[in-house]
Amino acid sequence: MTEKLYYKDVYIKNFTATVISCEKEGNSYTVVLDRTAFYPTGGGQPHDTGYIYYGDKKIEVTDVNEKDGIIYHTTNEPIPKGENISAEIDWDRRFDHMQQHAGEHMMAGCIYNLFGGVTQGLHLGKEVSTIDVLMPDGRMRLNDDEIYKLETLLNDRIQTDAPIRCFFPSNEELKTLPLRKPPTVDENIRVVAAGDFEMVPCAGTHPTTTGQVGLVKVLSTTPSKGFMRVSFIAGKRAVKYFMDLYISSSEAAVKLSCGHEALPKAVDKLQQDIKNLKEELVIYQKKEVNFLADKLLNSAEVLPHGRLIAEKLPDEFTSLKQLAILLAENDDVVALLQCGKNIAFSRGKDIDISMPEIIKQSGGKGGGSPDFAQGVAIDDECIKNAENAARKLLG
Ligand SMILES: [Zn+2]
């Protein structure tokens with residue numbers, strides 16, 4: 001059995017030990033020490049990382065696992081058996097896990113107390129952690145008011161700075177403890193208690209007071225495989241989240257000339273303004289199309305078999321199709337319109353000319369029905385070619 005220093009003192013960052021064995025496994029090595037502060041992957045908590053030092057060597061520990069009470073450290077280099085080493089764990093990573101883990105216990109306790117939800121599983125992610133909860137009524141989500149209530153109770157409990165106590169009770173004592181959920185192992189059951197409001201079996205690492213969890217923020221509740229999945233962040237992650245949120249919220253508030261709290265109303269107003277402007281734009285576009293149609297009809301070339309309109313419109317014109325369709329309401333009109341690279345050709349019902357055919361003859365690309373076709377002009381000659389082709393057919 002490896003002596004587990006993280007159970008003696010969870011704040012041990014550096015330690016010395018003796019190498020019991022070192023085995024090559026594939027491209028890496030598995031090192032067993034007589035004692036270790038490296039926490040192995042387990043119970044939803046990821047393993048520690050860090051370094052082992054011996055002689056002038058600094059060897060990275062990339063993975064840590066436990067089997068039958070023995071802790072296995074994965075390294076890229078061998079360390080001779082019997083060697084006395086010193087080691088340090090990546091404390092930022094470990095303390096982050098401690099904050100997420102204790103935050104999870106306290107949140108699970110609050111969900112149980114407030115809603116009767118029973119936590120089934122924990123996953124501590126690199127950015128966001130999750131728990132899956134079985135709600136008594138089978139619900140898969142909490143509403144905003146419930147999340148607010150949960151966060152209030154949870155952070156109030158954190159701020160009591162109550163002790164978090166980890167201990168191995170006797171079988172007799174275990175029977176008397178008000179555990180939130182039963183243990184998943186039969187022996188060496190370790191219990192974690194936060195103040196007088198939370199007690200569960202757990203093998204993970206936690207800070208010694210609730211205050212060190214700092215802050216817990218629920219990010220979402222979503223359905224997941226029959227459970228309610230609660231995503232959350234705790235500790236420094238939550239603090240950073242609020243710092244970043246404040247920066248982005250401030251930028252938006254400055255842009256909308258309002259305070260943070262007034263952002264939703266300011267966005268509502270902005271969206272309403274955009275809606276109004278779009279409606280106004282549609283009215284002006286219709287007016288513009290009507291005005292242009294009148295102008296083009298007045299200057300149309302009158303030919304024996306119909307009137308011909310061929311026009312290059314300004315690049316910024318946005319109602320090409322609408323104008324072409326409106327002009328074709330005149331039974332004797334052929335309208336050949338171009339705007340930038342776009343072309344739209346149309347004709348009235350008395351004209352027996354195929355518009356896709358005119359596009360073909362213009363050298364452009366596109367298609368459509370006999371009375372309306374659209375596409376793109378290949379060159380500046382396109383509209384001229386189309387005009388000449390139509391003029392011949394109308395002549
Ligand atoms: Zn735990």
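**Ground rules.** Residues count from 1 along each chain as its sequence is written, and side-chain values use heavy atoms, with hydrogens and water left out. Since the model is predicted, local features need pLDDT of at least 70 and side-chain atom pairs pLDDT 80 or more, while totals for chains, interfaces and linings use all residues.

**Zinc.** I looked up the donors first, meaning N, O and S atoms within 2.8 Å of the metal (3.2 Å for Na, K and Ca); water is not among the atoms, so sites may look incomplete. His101 (NE2), His105 (NE2), Cys202 (SG) and His206 (NE2) lie 1.9 to 2.3 Å from the zinc ion. The four donor atoms make angles of 95 to 119 degrees, and I logged the site as tetrahedral (four donors, all angles between 85 and 135 degrees). Along the chain the spacing reads H-x3-H-x96-C-x3-H. His105 sits in helix α2 (residues 91-115) and Cys202 in the loop between β13 (198-201) and β14 (216-224), 97 residues apart. Helices (H or I, at least four residues) and strands (E, at least two) are DSSP runs, numbered from the N terminus. His105 and Cys202 are both buried (under 20% relative accessible area, with exposed over 50% and partly exposed in between; 1.4 Å probe, protein chains only).

**Cysteines.** I searched for disulfides (cysteine sulfur pairs within 2.5 Å) and got zero. For Cys110 the nearest cysteine sulfur is that of Cys202, 16 Å away. Cys110 is buried at 0% relative accessibility.

**Val19.** This one is in strand β2 (residues 14-25) and is buried at 3%.

**Strand β18.** I found seven of the seven residues in β18 (333-339) buried. Val333, Ala335, Leu337 and Cys339 point one way, and Val334, Leu336 and Gln338 the other. Strands pair if DSSP finds at least two bridges between them. β17 (residues 306-313) runs parallel to β18 with seven bridges, and Leu313 partners Cys339. On the other pairing, β19 (residues 342-347) is antiparallel to β18 over six bridges, with Ala335 opposite Ser346. Two residues separate β18 and β19 in a hairpin, and Gly340 in the turn has a positive phi of about 60 degrees.

Conventions
Four donors count as tetrahedral if all angles lie between 85 and 135 degrees; four count as square planar and six as octahedral if opposite donors are over 155 degrees apart and all others between 65 and 115; anything else is irregular.
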